[in-house]
Amino acid sequence: METLAVKPAIKVAALCGSLRKGSFNRGLLRSAIQLSKESVNGMEIEYLDISPLPMLNTDLEVDGTFPPVVEAFRQKILQADSVLFASPEYNFSVTGPLKNAIDWASRPPNCWADKAAAIVSAGGSFGGGRAQYHLRQIGVYLDLHFINKPEFYLNAFAPPAKFDSDGNLIDPPSKERLKEVLLSLLAFTLRLKGQC
């Protein structure tokens, strides 16, 4: 009897730059997690809460160790095969909490190096596109490898409604676009790992 080869699931760390409970960007991650369970085989997404991380202060690094909450976060990034960022745009750039998380995990040894990554964002008229541009620039220095296409930025306020009152993504075309991002991230991650 012939057995089918099952590709191992890639582990994706999902980070949201907004700390707000009803954040549209967090809603994108919830939808991505749901899609990964329903229709994207070979991908396991874990949401990592960045709100407990202290502001970066190297005085908190003692004898080469990090505060426990920072070390736990760094380990999750190290164990992930790829990263999914949901990045709102604050003042034409990434948010302070997201930059703080990125900086903690970049402290030597850099936890981001050689990982595939994707960005999704929701916001006003540009849908977070300028924050994505800055995040890509940051990624160059960190040796993160972002997928190029498809891009996903969503004007959360243009009709028809994209989110419900709890910040959950309800727009079917947007869900389909989000699924395309996940499939691209999966394929690129496997390619970087030499598994395709």
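This is a predicted model: local features need pLDDT of at least 70, side-chain atom pairs count only at pLDDT 80 or more; totals for chains, interfaces and linings use all residues.
Start with the annotated region. Over residues 10-156, the chain is 35% helix and 22% strand. The end C-alpha atoms of that stretch are 29 Å apart.

Now turn to the rings. The structure holds five aromatic pairs. One of them joins F24 and F163. Their ring centres lie 4.4 Å apart, and their planes meet at 20°. Planes under 30 degrees apart count as stacked, so this pair is stacked. The two residues come from distant parts of the chain, 139 residues apart. F24 sits in helix 1, residues 24-38. F163 sits in the loop between strand 6 (152-155) and helix 5 (172-192). F163 has 9% relative accessibility, so it counts as buried.

Together with F157 and F163, F24 forms one aromatic cluster. R20 also lies over the face of F24, at 5.8 Å from the ring centre.

Another pair is made by F85 and W112. Here the centres are 5.8 Å apart, with 40° between the planes, and the pair is tilted. F85 lies in strand 3, residues 82-86. W112 lies in the loop between helix 3 (96-106) and strand 4 (116-123). The pair therefore ties together parts that are 27 residues apart in sequence. Buried or exposed? F85 is at 0% relative accessibility, so it counts as buried. W112 is at 0% as well, so W112 counts as buried too.

Finally, look at F92. R130 lies over its face, at 3.7 Å from the ring centre.

Terms used. Residues are numbered from 1 along each chain as its sequence is written. Side-chain values use heavy atoms; hydrogens and water are left out. Helices (H or I, at least four residues) and strands (E, at least two) are DSSP runs, numbered from the N terminus. Rings of Phe, Tyr and Trp (its six-membered ring) pair if their centres lie within 6.5 Å; planes under 30 degrees apart count as stacked, over 60 as edge-to-face and the rest as tilted. Buried means under 20% relative accessible area, exposed over 50%, partly exposed in between (1.4 Å probe, protein chains only). A charge sits over a ring if NZ of Lys or CZ of Arg is within 6 Å of the ring centre and within 35 degrees of the ring normal.
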